[in-house]
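The following note sets out numbered remarks for a colleague who is reviewing the model. Please read them beside the sequence and the coordinates.

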Amino acid sequence: MKIIACIKRVPTTDAQARIAPDGRSLDTSAFQYMTSFYDEIAVEQAIQTKEAAGGEVTVLTLGPAAATKEVRECIAKGADAGIILADSDWALRDCRATAKVLAAKISELGADIVFAGKMATDLDNSAVGQMVATLLDWACVADVTAITIADGKGTAKRETEDGVETVEFALPAVITCNKGLNEPRYAGLKGIMAAKKKPLDETAFEAVANQVEVSSLDLPPPRAAGRIVGAGAAAVPALIDALRNEAQVL
Amino acid sequence: MKNVLVYVEHADGAARRASLECIGAARAAGATVVCALTGPGAGGAAAGLGAHGASKAVCLTGAERFSPDALAKDLAAVAREHGAKAFLAAASITGRDLAARVAAHLDSALFTDCTGFAAEGDGFRVTRPWLAGKVIAQCTSSAPVFCATTRVNAFAAASGDGAVELSEKPASTDGKAVVVALAAKEGGVLDVKEAPVVVSGGRGLKGPEGFAMLEELAAAFGQAAVGASRAVVDAGWRPHAEQVGQTGKVVSPALYIAVGISGAIQHLAGMKTSGTIVAINKDREAPIFKLADYGIVGDAFEVVPELTKAVRALKAQG
């Protein structure tokens with residue numbers, strides 16, 4: 001099977017947000033980066049799929065040259081190759097532009113199945129996987145928590161507000177991965193050494209302009225200072241009183 | 001006036017509240033609302049939409065099974081037929097999934113989980129969180145059709161004169177991915193994103209059995225859901241569907257009660273837009289108290305049962 005795992009380099013989840021002086025972009029000077037949480041699950045599923053069915057896993061990202069670190073980590077876990085679509089403005093590339101560029105590359109590479117995280121934890125769009133599939137006219141199942149693939153088709157489970165859906169899909173397909181699908185592995189020393197010899201290409205691509213324009217960026221308004229109403233079970237009446245008479249939520 | 005197409009989710013013959021809020025967002029932006037619905041019971045739900053501000057409703061009929069790709073193709077076609085300037089859906093699991101696909105069909109970017117939606121010039125402007133709400137962005141778009149999903153509990157439903165023009169259109173049945181089964185949740189279990197009251201627990205509950213008292217507290221409130229911190233989900237005490245935070249769900253209930261949750265940045269990002277926040281924690285220095293409107297310093301195992309009793313007593317009074 002030809003398998004592609006799409007990842008995004010994002011700020012770590014403990015990052016504090018600061019606004020840049022232009023008022024419409026982030027001050028990224030103190031950011032540290034990682035592979036987006038759900039993309040780690042996508043990479044793990046790609047490797048497990050290869051281990052079960054044979055084939056090759058390519059890790060694909062739209063990102064800066066520095067994403068070599070994240071892609072190399074994914075290769076060390078068991079992927080076979082990495083491709084960085086070099087874009088220094090990757091962090092603000094809108095979901096449509098990102099999807100178009102990824103879809104073009106996936107179409108050129110060819111694949112039976114593409115795994116991506118259900119959402120990158122920076123712009124929180126949860127859109128690129130479905131957009132790529134739509135552009136390629138492939139099947140797509142989003143937010144997947146269980147999957148089996150056999151005989152050119154697959155079955156996936158996903159949790160919605162109503163319960164757990166079972167979805168049958170045709171290959172080729174894009175699967176966006178949710179927590180619960182697997183437990184991402186750590187790279188071993190052997191994998192880290194082997195990853196240094198595997199191909200990691202940084203390639204240029206035909207840029208797609210953003211449609212989205214950010215007119216301003218703000219920190220959320222601070223909440224009004226709260227108070228401690230008391231200690232232990234004895235404070236419950238004071239809390240009830242505050243919720244009824246001040247907050248009026250009871 | 002601009003036409004806006006809204007995808008309406010429904011259950012038991014009526015539109016979901018999240019979808020009514022979505023119609024409300026479009027109406028508040030001065031738009032004429034066309035709704036699209038599908039599935040069993042769509043006709044009945046559509047007939048009631050006039051009272052919530054919709055002018056037209058299109059029922060996509062004849063698909064025996066739900067396919068997100070087939071439905072997205074149909075929704076894009078309805079958007080084009082009605083010259084829609086925007087396509088909106090609730091930022092539910094289903095709404096987000098469909099909206100991304102519809103946006104791709106319409107060659108438009110997508111704004112996910114918007115907390116503001118307003119007309120601007122020939123188009124629209126949205127307010128939406130990035131980094132799970134650590135920052136708030138105001139955005140516009142040059143897209144031919146403005147596509148967005150609206151955060152649940154962030155918009156008010158609208159009212160209308162009750163008249164809605166109904167029509168039907170055959171649904172596509174050539175889906176590449178098809179829902180073949182649904183294991184429904186137990187009746188009455190609300191999702192953390194939908195519930196007006198969320199009672200969340202963290203490591204301070206010491207183990208999965210500690211959540212029994214949170215379930216009792218949620219039951220005392222009635223319309224409430226149990227949430228969890230990342231630490232307890234990672235420990236396997238609670239399912240991921242209940243996780244509140246940057247790698248879980250972002251929630252905005254009227255009342256959020258954090259029990260035994262210290263308040264890691266990634267958790268706070270997921271709940272800090274809640275109406276009123278209550279924290280119950282042993283540690284007076286826990287970061288959650290900086291965000292909470294009301295705090296009780298104390299042992300959750302003593303405070304929560306007392307709070308449950310008090311809420312029950314209040315509800316019994318009516």
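1. In chain B, the C-alpha centres of domain 1 and domain 2 lie 32 Å apart. The division places domain 1 of chain B at 3–170 and domain 2 of chain B at 197–317, the bounds being taken from an automatic or database domain assignment. Contact between these two domains involves 8 residues from domain 1 of chain B and 8 residues from domain 2 of chain B, where contact requires C-beta atoms, placed from the backbone, to lie within 7 Å. On the side of domain 1 of chain B that touches domain 2 of chain B there are 3 nonpolar, 2 polar and 3 charged residues. In this classification Ala, Val, Leu, Ile, Met, Phe, Trp, Tyr, Cys and Pro count as nonpolar, Asp, Glu, Lys and Arg as charged, and the others, Gly among them, as polar.

2. The model is predicted: local features need pLDDT of at least 70 and side-chain atom pairs count only at pLDDT 80 or more, while totals for chains, interfaces and linings use all residues. Residues are numbered from 1 along each chain as its sequence is written, and chains are lettered from A and ligands numbered from 1 in the order in which they are written.

3. For chain A, the assignment gives domain 1 (2–203) and domain 2 (223–250). Their C-alpha centres are 44 Å apart.

4. Chain B contains an open sheet of 7 strands in the order β7-β11-β6-β1-β4-β5-β12, with parallel pairing. Strands β7 (110–114) and β12 (165–170) of chain B are at the edges with a single partner strand each, so one side of each has no neighbour in the sheet. From one strand to the next the twist averages 25 degrees, with axes fitted as lines to C-alpha atoms and angles running from 0 to 180 degrees between N-to-C directions. Strands are DSSP runs of E with at least two residues, and helices are runs of H or I with at least four, numbered from the N terminus; two strands pair if DSSP finds at least two bridges between them.

5. B:K56 has B:E165 in β12(B) as its bridge partner.

6. Between the chains, the contact takes 72 residues from chain B and 71 residues from chain A. Helix α4 (residues 93–105) of chain B gives the most to the side of chain B that touches chain A, namely 9 residues. That side of chain B comprises 39 nonpolar, 18 polar and 15 charged residues. Strand β9 (residues 163–170) of chain A also pairs with strand β13 (residues 177–184) of chain B, in the antiparallel sense over 7 bridges, and A:G163 stands opposite B:A184.

7. Leaving aside residues up to four places away in sequence, B:G95 touches B:Y7, B:E9, B:A89, B:A90 and B:T149.

8. Helix α3 (residues 68–81) of chain B is mostly covered, 10 of its 14 residues being buried. Among them are B:L71, B:L75 and B:V78. Just after α3(B), B:G83 takes a positive phi of about 55 degrees.

Definitions and conventions: Buried ≥ 20, exposed ≤ 12 C-beta atoms within 10 Å, placed from the backbone.
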